[in-house]
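This report walks through a single model, stop by stop. Keep the sequence and the 3D view open while you read.

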Amino acid sequence: MPSLINVNLEGDIAVIGIDNPPVNALSHAVREGLQEAVRGVLKDGLAKAIVIYCEGRSFFAGADIREFGKPPMPPHLPDLIDEIEATTIPVVAAIHGTALGGGLEVAMGAHYRVGAKSAKFGLPEVALGLLPGAGGTQRLPRLIPVEDAAAMITSGKPIGARKALALGLIDEIAEGSDMRAAGVNFARKLIEDGQGVRMTRALACNSMSDEAAATLRAKVAKSARGAIAPLSCLDAIDAAMTLPFDLGLKRERELFYDLMNSDQRGAMIHAFFSDRQVGKVPELATGTAREIAQVGVVGGGTMGAGIAVSALLSGLDVTLAERDDEAVAGAQSRVSGMLGEAVKRGKLAEAARDAILAGKFRVTTNYGDFADVDLVIEAVFESMEVKKDVFTKLDSICKPGAILASNTSYLDLNEIAAMTNRPQDVIGLHFFSPAHVMRLLEVVVGNETSADVVASGFALAKRLKKVAVRAGVCDGFIGNRILSHYGKAVYNMVLAGASPYAVDKALTDFGLAMGPFAVGDLAGLDIGWANRKRVAPMRDPNETYPEFADRICELGRFGRKTGRGFYIYDETSRGGRPDPEVEEIIAKERAEKGIEAREIDSGEMIDRYMAAMVNESARVVGEGIALRPLDVDVTLLNGYGFPRWRGGPMHYADTVGLEKILADIGRFAEEDATFWKPAPLLEKLASEGRTFASLNA
Ligand code: 3H9
């Protein structure tokens with residue numbers, strides 16, 4: 001028997017322990033070992049009950065994702081679970097950490113479940129483009145109300161022990177943290193009370209009305225935005241409600257394999273591993289993260305306040321500096337407003353919020369208050385002059401070893417660092433708005449930034465529960481540089497004939513969270529306007545320059561915050577409605593430039609948008625601004641609303657083929673050769689028949 005499984009007899013209770021770090025994934029060896037262990041116990045005939053528990057930090061966190069896409073090896077998980085359920089003596093699952101996916105499915109195949117207070121229970125397969133494929137969709141709605149089962153399965157979100165107990169998913173919450181002992185105690189009671197096996201499959205499935213099922217399906221379809229797995233999950237739950245158990249299981253299996261063979265599954269598993277791989281950067285091998293307890297933030301606008309709140313929610317102490325009393329009051333009210341929202345959403349206890357406002361957070365007009373901070377993050381107006389001034393002051397005030405970070409989203413970090421006598425301590429920490437909500441953090445590494453400071457940036461991101469991506473210095477780093485490029489492609493399309501509303505529709509149908517014009521309105525059109533003015537001197541004179549966005553800004557229309565931008569926002573249309581005046585402004589520009597509007601269909605809109613995004617991404621990787629293609633994917637997925645089920649632009653390019661992207665660029669270049677120049681890396685990989693993924697290893 002493999003050493004990762006151990007079996008001990010405690011009186012008449014057989015205790016099967018699994019030890020497969022880091023998360024006890026149900027790999028082939030684990031499945032084989034567990035099967036052998038259960039069979040061995042039954043064959044010996046000495047035990048009256050079995051306890052299954054895991055060593056280390058967690059109960060089984062699911063099937064071993066690394067095995068997906070390879071030929072499945074027996075024993076298959078569903079068969080193993082059926083075998084566990086069919087034992088003649090009761091089986092108790094003793095659960096700590098996270099019982100996820102196949103892990104929870106094993107627990108539901110056991111006859112009883114006891115959980116640690118801190119344990120979490122979930123079926124997150126949908127986040128991998130899958131559905132629970134080892135009986136989860138059939139057993140869960142037999143144990144808990146089907147509405148709750150559907151919510152867990154279609155959202156993938158885990159529930160805590162108290163809720164699991166209340167719903168009937170587990171039988172008991174254990175006292176203490178020794179789950180092996182808790183399982184044995186529970187089994188002993190079962191034996192004493194003469195309780196036998198209790199098969200989940202034998203329970204009647206809970207059901208819901210046709211009307212409730214239809215409402216749920218409509219809701220799930222809307223939030224799925226093109227992902228197929230959430231709807232397949234509902235199909236499997238339908239089967240649980242309408243078919244006998246074995247047929248339901250068969251249906252689940254068919255649906256599971258359809259998903260397993262889909263591109264979406266490949267994309268989402270790529271996203272899962274990329275989110276973890278992206279944190280592996282060279283500086284972590286040599287650098288040691290510095291202790292960060294006290295944080296300073298310069299600027300209390302939306303971004304600065306969001307950064308402060310993000311730090312406060314993670315238990316850090318924050319001093320925020322603003323320029324005068326009025327700005328101090330504004331920052332204070334923004335921060336307490338955001339903390340209030342966190343209380344409302346159940347992310348923060350009211351008492352904890354009060355304690356933060358009373359002790360851990362202060363606003364000042366005096367930079368001198370930064371003398372003792374370990375890290376200061378500048379989040380002032382995006383102007384090189386203003387930033388240089390801030391860094392000169394910080395350099396003279398902050399203690400030696402303090403990290404000086406800029407939240408700049410475009411500017412040259414090396415130029416900022418050069419204002420200090422400690423460029424090795426200067427780093428970019430580019431948060432995304434709202435900073436306390438968005439998961440992405442670009443860690444921008446300057447020419448002189450030390451490995452310790454890079455390691456500190458990554459450690460901070462972990463503490464703030466963010467995904468950090470390492471970026472080199474260039475205009476816009478990874479995300480905004482790529483955004484600027486595909487943004488131009490979008491504007492060019494509109495000038496050529498597309499309506500901005502049709503472009504937004506095509507791209508949301510493609511799966512984006514929002515279309516580019518709606519995003520512009522949300523972020524504030526003045527931001528893009530200021531940026532276009534900043535880069536105007538560097539613009540290639542041959543470049544097409546659509547002016548309609550500038551015209552809209554000149555009318556004081558900056559998007560949502562002014563009630564009008566590309567869309568009109570008012571009482572009747574909070575989400576925005578098309579503005580005929582915008583169409584007129586665009587038509588006027590076309591007329592002035594002698595452009596005859598042509599029909600552009602949604603397929604071409606997507607091809608142009610994606611070709612521009614992939615091409616610039618390839619440049620960003622080729623120039624070493626992003627370490628690997630996966631770093632680009634993680635950036636676009638976590639900060640720019642790119643659909644997770646498409647895996648990110650680089651994965652998308654691999655899926656459709658680099659040849660196709662290159663051919664599209666060639667076709668578009670016939671119209672505008674200045675904009676459409678293929679990136680050298682894209683050409684190289686395509687000519688060698690290679691993929692972007694080949695650079696991720
Ligand atoms: C499933 O079960 C299908 C079944 O229904 C049907 C089958 C027939 N496999 O996230 P972390 C690795 S689908 C392989 O940094 P944390 C991970 O890559 C599965 N590896 O830790 C990382 O490796 P590395 C359903 C896995 O504490 C290391 O473990 N289950 C797996 O922040 C540490 O991970 C899920 O979807 C796995 N299943 O979070 C659960 N899980 O160190 C997916 C993790 O080399 N996992 N690894 O980078 C998670 O959500 C989190 O990893 C977890 C721990 C919450 C468990």
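Start in the loop between β2 and α1, where Pro 22 lies. The model is predicted. The peptide bond joining Pro 21 and Pro 22 is cis, with omega at about 5°. Asn 24 also has its place in the loop between β2 and α1. Asn 24 is not a glycine, yet its phi is positive, at about 55°. Most residues other than glycine have a negative phi, and most peptide bonds are trans.

A cis bond also joins Ser 433 and Pro 434, with omega at about -10°. Pro 434 sits in the loop between β15 (426-431) and β16 (440-444).

**The six-stranded sheet**

Six strands form an open sheet in the order β1-β2-β3-β4-β6-β9, and the pairing is mixed. Which strands stand at the edges? They are β1 (5-10) and β9 (172-173). Each has a single partner strand, so one side of each is left without a neighbour in the sheet.

Further in, β3 (residues 49-54) and β4 (residues 91-95) pair in the parallel sense, over three bridges. Ile 50 stands opposite Val 91 of β4. Helix α1 (residues 28-44) packs on this sheet and touches β1, β2 (13-18) and β3. The direction of α1 makes about 170° with that of β2.

**The eight-stranded sheet**

Another open sheet has eight strands, again with mixed pairing. Its order is β12-β11-β10-β13-β14-β15-β16-β17. The edge strands, β12 (361-364) and β17 (467-471), each pair on one side only. On average, neighbouring strands of this sheet are turned by 25° against each other, direction ignored.

Strand β11 (residues 317-321) pairs with β12 in the parallel sense, over four bridges. Here Val 318 has Phe 361 of β12 as its bridge partner.

Helix α13 (residues 302-313) packs on the sheet. It touches β10 (294-298), β11, β12, β13 (375-378) and β15. The direction of α13 makes about 165° with that of β11. Helix α16 (residues 384-397) packs on the sheet as well, touching β10, β13, β14 (403-406) and β15. For α16, the angle to the direction of β14 is about 170°.

**A hairpin**

Strands β18 and β19 form a hairpin with two residues between them. β18 (residues 567-570) and β19 (residues 573-578) run antiparallel and are joined by three bridges. Tyr 567 stands opposite Pro 578 in β19.

**Around the ligand**

Now turn to the ligand. How many residues surround the ligand? There are 27, and the closest are Arg 57, Gly 102, Glu 105, Glu 125 and Arg 276. By class, the shell has 15 nonpolar, five polar and seven charged residues.

Which elements supply at least two residues each of this shell? Among them are β5 (98-100), α3 (102-109) and α11 (263-277). The largest share, three residues, comes from α11.

| Residue | Protein atom | Ligand atom | Distance |
|---|---|---|---|
| Arg 57 | side-chain N or O | oxygen | 2.5 Å |
| Ile 65 | backbone N or O | nitrogen | 2.9 Å |
| Lys 280 | polar side-chain atom | oxygen | 2.8 Å |

On its own, the ligand has 1000 Å² of accessible area, and the protein covers 74% of it.

Methods. Residues are numbered from 1 along each chain as its sequence is written. This is a predicted model: local features need pLDDT of at least 70, side-chain atom pairs count only at pLDDT 80 or more; totals for chains, interfaces and linings use all residues. Side-chain values use heavy atoms; hydrogens and water are left out. A residue is near a molecule or strand if one of its heavy atoms lies within 4 Å of it. A polar contact is a pair of N or O atoms within 3.5 Å; within protein, one must be able to donate a hydrogen and the other to accept it, and residues adjacent in sequence count only if both atoms are side-chain atoms. Accessible areas come from the Shrake-Rupley method with a 1.4 Å probe; for residues, only the protein chains shown count as cover. Ala, Val, Leu, Ile, Met, Phe, Trp, Tyr, Cys and Pro count as nonpolar, Asp, Glu, Lys and Arg as charged, and the others, Gly among them, as polar. Two strands pair if DSSP finds at least two bridges between them. Contact means heavy atoms within 4.5 Å. Axes are lines fitted to C-alpha atoms, for helices over the stretch in contact, and angles run from 0 to 180 degrees between N-to-C directions.
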